[in-house]
Amino acid sequence: MKRWLPFAVFAVLLGFLFVGLWLDPREVPSPFIGKPAPAFSLPVLERPGQTFSPDQARGRPWLLNVWAPWCRTCRKEHPFLMQLAASGVRLYGLNWQDQAREAADLLAEIGNPYVLNAVDHDGRAGIDWGVTGVPETFLIDADGIIRAKHSGPLSERVWNRKFAPLLQGKGS
Amino acid sequence: MIPELGHFALIVALLLAVVQGTLPFVGAQTGNASLMAVARPAALGQLAFIGLAFASLAYSFLTNDFSVKNVASNSFSQLPPVYRLTATWGSHEGSMLLWCLMLAGWTAALTVLSRPLPAEIRARTLGVLGLVSVGFLAFVVATSNPFERLLPVPADGRDLNPLLQDAGMVLHPPMLYMGYVGFSVAFAFALAALLGDQLDAAWARWARPWTTLAWVFLTLGIALGSWWAYRELGWGGWWFWDPTENASLMPWLAGTALLHSLAVTERRGQFRTWTLFLSIAAFALSLLGTFLIRSGVLSSVHAFANDPARGLFILGLLAVVIGGSLLLYAWRFPRSGTPAAFGWVSRESLLLANNALLAAALATVMLGTLYPLFLDALGFGKVSVGPPYFDAVLVPLFAPLLFLVALGPLTPWGQGSVADLALRTRWAFAGALVLAVAVPFTQGGIRPLAALGVFLATWILLGGGVGLAAARRRSGGSLGSLPRGFWGMQVAHAGLAVVVLGITLVSNYQSERDVRMNVGDHVDLAGHRIVFKGATGRAGPNYVADRATMEVTAPDGRSFTLYPEKRKYNATGVGMTEAALRTGVLGDLYVSLGEHLGGQAWSVRVYHKPFVGWLWAGGALMALGGLLAASDRRYRRAAATEGPA
């Protein structure tokens, strides 16, 4: 019936809007998921003279957290990263575009949650990993395959939703 | 103390809205005059209390009361006072409060000016507005309290988003909201007509000037928004087909269709059901626009998942207000439609075409805006719909619409003839054809789309001239005695033509250069020579900036200096590009400072934007036309002679 058409269309629209409320339009799936972690070989912040490449972390799942000392949001997730590190998660840092080289001083001051930090001064490794901003966090499994990615600060909520389910059963 | 006062005033306003949304209905149903009369003091009281709440919030902003969470999140001690004031509506909470204030303002204006209306209709109309107000005030009070305190009190605020610190943003949101909310009046009239089963054409005459006025505000709001984007986003774009913009374009398209269908309903008593539907649709789309922006469903300004309460509340409000009115519409759907009493070539048929094309354009914009949401909700992944879609589908819809704009006013009501129309417009047509070739030729080459755009714009202008000449003959040679409604239409259509000219020329003939400049380097663009004289540091009130000095020599030999800036805001550390413009009738020169490349070198972007100013000038003309039409003596006289029933 013609007269009910506007209401019917609106009801369908309402349904979509309701579903839409629970979706995040900014969350774009990373094309890197399911692919091997891009290789790099970068100096280690904590141990001058040594280099780190993702292959060295193989064997158990690990996290790569891309951050920078100039990034305020990174400071916001820092307490949670400390918590993660304390609970035994293997957290590696990618110290991204830190032209002022403040990372070591900053970590000494606020605490270092990372096993180690790879120093990516010019941001090239970040480009290979598809980093668009900081902070970003990748989950890499024991075989060196990227399993999850989060743009923005990590939090308990994000962790339980995106990362914890993937780690369960694999042992972290 | 002041914020608590504001909060309290808001709650009182909510209670008054409940009164306004219930008792007048009961009065109208039972014929109780004193219950119906409650609407007026309730509406005026509501305006006073929401005004008080709004003033309290503005006071907290102006006095830097950072113990108020909203102030702490959106203001800063170094923020200049004018932006502290505009920060009042710069946040979600403040903007919803502004929404309520606007609604109360429209309602109060209606109570004052609607005395001549039949008492039941007046009571029902104000009752509907009261119910809408209940919904929005409850939303603010329950989920978006702008007066929430913050403990411990921060030493300073987090500053207003630097993008919003601009003259265009001072007026854009109030204008836009005035438009959105203004459609509530036509909506309330339509619902009152449906509720009272008085579906004659009378309500169309009452609703028409209000709708026109709302449309004027919405037009200005959209134009200001576009002007702001042009100046502030740093690369001279003026429309992005962004969900936020589409959210304001959809009610505008529905409102434009409504203006034209109201004309038919008022003058000829036709299209009644359709006009009712459009009145509901225009306001429904305003609400939908508010929802789309405020919930973050499409453009996640605030990650929505953090606060589902707000989105759910507005969605519920949408369901009740729009769903309820569409159900009422279906239920009271006039059984006996008025048979079409007009010929194939008549003003009615042209306005019908206008409505069909506007409705199609509206559906197109809506589909493009919501498509990503549809696919995502159905699990088909993420897509984004951008300018290529909108350009491709809207040009074929707007081109015939613009062609008909020139013909509509020249065609008589009832029955006209093609031969007569062709005869009257032959010179306008020929003139437009000549200009369609000549104007693009002077701008650097003929392109099909440029020729089409110029043809349509000049066709509207010349067709308007034909109409003016005919009206002048009919009125015995005096243009001054023509009614304002006629002038309003002519001015608004001319404004549309000016917008079309601006869009056509700037999108076809703009040029840009992206260069690295050292001190003393120059770049040539569209006959201008721009010389980089160096950049120096400068401290603004709440930012520090690198300011470049650019000496420009125009094609006519005159020279002037532009100072584009790269700013860094103190509170947030956010960087902003503040472009420098030289505005002219024939076009703008736009210089934007990019990155510092070391030493004295900077990356610089320069744009030449021919006729871009016509876009906003045309928008202002359209609004002026609307104002003229809304102030036509006919409505004032009609109101005066129409004693209470």
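Student: Which residues make the nonpolar surface patch of about 360 Å²?
Tutor: F18(A), V19(A), W22(A) and L312(B) make that patch. Patch residues have over 30% relative accessible area and no salt bridge, with nonpolar side chains (Val, Leu, Ile, Met, Phe, Trp, Tyr) joined within 5 Å. Areas come from the Shrake-Rupley method with a 1.4 Å probe, and for residues only the protein chains shown count as cover. Before we go on, this is a predicted model, where local features need pLDDT of at least 70, side-chain atom pairs count only at pLDDT 80 or more, and totals for chains, interfaces and linings use all residues. Residues are numbered from 1 along each chain as its sequence is written, chains are lettered from A and ligands numbered from 1 in the order in which they are written, and side-chain values use heavy atoms, leaving out hydrogens and water.

Student: Thanks! Where does L312(B) lie?
Tutor: L312(B) is in helix 12 (residues 308-332) of chain B; helices are DSSP runs of H or I, at least four residues long, numbered from the N terminus. L312(B) counts as partly exposed because its relative accessibility is 34%. Buried means under 20%, exposed over 50%, and partly exposed in between.

Student: And inside, how many residues has the largest nonpolar core?
Tutor: The largest core has 162 residues, and L17(A), W99(B), F189(B) and L318(B) have the most contacts inside it. Helix 8 (residues 167-195) of chain B gives the most to this core, 15 residues. A core here is a set of buried Ala, Val, Leu, Ile, Met, Phe, Trp, Tyr and Cys residues joined through side-chain atoms within 4.5 Å.

Student: What does F189(B) touch?
Tutor: Leaving aside residues up to four places away in sequence, F189(B) touches L110(B), L117(B), T125(B), W203(B), W206(B), A207(B) and W210(B). Contact means heavy atoms within 4.5 Å.

Student: Switching to charges, how many salt bridges are there over all chains?
Tutor: The search finds 18, a salt bridge being a side-chain nitrogen of Lys or Arg within 4 Å of a carboxyl oxygen of Asp or Glu. One of them joins R332(B) and D197(B), with the closest N and O atoms 3.9 Å apart. That pair links distant parts of the chain, 135 residues apart.

Student: Is R332(B) buried or exposed?
Tutor: R332(B) counts as buried because its relative accessibility is 17%. D197(B) is partly exposed at 47%.

Student: Which residues are linked in a network of salt bridges?
Tutor: R538(B), E565(B), R567(B) and E578(B) are. Within it, E565(B) and R567(B) meet at 2.8 Å, N to O.

Key: Buried means under 20% relative accessible area, exposed over 50%, partly exposed in between (1.4 Å probe, protein chains only). Helices (H or I, at least four residues) and strands (E, at least two) are DSSP runs, numbered from the N terminus. Patches are made of residues with over 30% relative accessible area and no salt bridge: like charges are joined within 9 Å, nonpolar side chains (Val, Leu, Ile, Met, Phe, Trp, Tyr) within 5 Å.
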